[in-house]
Amino acid sequence: MSSWDHLRAELDLWQSEGRIATAWWRDDDAVTVTAQLDTILAFEQKYKVPLALAVIPANLQNDLVEKLAETLDTRVLQHGWAHQNHMPDGRKKQELDDVRDLGAVVADLRKGFSVLSSRFGNRFLPVVVPPWNRIADDVVATLNSLGFCGLSTFNARQTAEPYKGLLQVNTHVDVIDWRGSRGFVGEDVALGSMIAHLAARRTGAADPKEPTGILTHHLVHDGATTHFLDNLFSMEHSALSWLRIPGVFPWQ
């Protein structure tokens, strides 16, 4: 059996139990319109797979604001402030860190919130996507007081609400081989990650209510990555449902 057959088999199990396997799509590092961005926006339109675009506020260009005004289901999330590493040598990269004074980190988040809310209006959802998917616990504790309703990192969440009023919904399938070629991770690895999270949800080994998240980075997509996403988003199964982003992070 191919990896695609294994994915369909997992979805068949969801269907046999009368359940729907929910999924969502997040793409990181957006600042301006590129050919790669046009490609993923075309996928969203063609296959009706809503997109959450994590935008870097400090580097936002006007053309991205204008471009997203033309889309239907794209929503903007806040990708930190400037995607700048503040960690000393020997520690993993992090912008929303525990090295600087907490007030400095909060000030960056406030600036980003102001930029994105003013430029994108209700297309912006107050959800923090930490650069490199890392954020200090003290920073997480402040998010709701700053007006954020959500947090999204990577790997199965430990809890749906790490702090009162803050919903965490992560991604689980990274299509880029960051530690190796920095190109497409490969069908077997990508689909294996998706199947593993779906199976964990179905059996109760992971939170069954957390939708399975696909993580992309359009700026580094190669031909193989694009081909895979085309195949994934075009695949139809009655037990698979791609969620609209306001459904992933309900916020009033």
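**Before I start**

N155 is partly exposed, with a relative accessible area of 48%. For the record, buried means under 20% relative accessible area, exposed means over 50%, and partly exposed is in between, with a 1.4 Å probe and protein chains only. I am working on a predicted model, where local features need pLDDT of at least 70, side-chain atom pairs count only at pLDDT 80 or more, and totals for chains, interfaces and linings use all residues. Residues are numbered from 1 along each chain as its sequence is written, and side-chain values use heavy atoms, with hydrogens and water left out.

I found N155 in the loop between β5 (150-151) and β6 (167-168). Helices (H or I, at least four residues) and strands (E, at least two) are DSSP runs, numbered from the N terminus.

K48 is also a non-glycine residue with a positive phi, near 55 degrees. I located K48 in the loop between α2 (35-47) and β2 (52-55). Is K48 buried or exposed? K48 counts as exposed, because its relative accessibility is 59%.

**Entry: the whole chain**

I counted eight helices and nine strands. Buried residues make up 51% of the 252 in the chain. The C-alpha atoms fill a box of roughly 50 × 40 × 40 Å along the principal axes. I then checked the radius of gyration: a compact globule of 252 residues would have one near 18 Å, and the chain has 18 Å, so the two agree. That radius is taken over C-alpha atoms, and the globule rule is 2.2 Å times the number of residues to the power 0.38.

**Entry: helix α1**

I tested the length of α1 (residues 3-16) next. Its 14 residues should span 20 Å at 1.5 Å a residue, and its end C-alpha atoms are 20 Å apart, which agrees. The expected span is 1.5 Å times one less than the number of residues.

Which residues of α1 are buried? They are S3, W4, L7, E10, L11 and W14. These residues cover an arc of only 120 degrees around the axis, so they sit on the same side of α1. The arc is that of the directions from the helix axis to the C-beta atoms. The buried residues of α1 pack against β1, α6 (187-203), α7 (223-234) and β9 (240-242), where contact means heavy atoms within 4.5 Å. After α1 comes G18, with a positive phi near 70 degrees.

**Entry: aromatic rings**

How many aromatic pairs does a search of the whole structure find? It finds nine. Rings of Phe, Tyr and Trp (its six-membered ring) pair if their centres lie within 6.5 Å; planes under 30 degrees apart are stacked, over 60 edge-to-face, and the rest tilted.

W24 and F249 have ring centres 5.7 Å apart and planes at 80 degrees, so I noted the pair as edge-to-face. W24 is in strand β1 (residues 21-30) and F249 in the segment after α8 (245-248), so the pair ties together parts 225 residues apart in sequence. Both W24 and F249 are buried.

F113 and F124 are another edge-to-face pair, 5.4 Å centre to centre with 85 degrees between the planes. F113 is partly exposed at 22% relative accessible area, whereas F124 is buried at 4%. I also wrote down one aromatic cluster, formed by W25, F43, Y47, F233 and W242.
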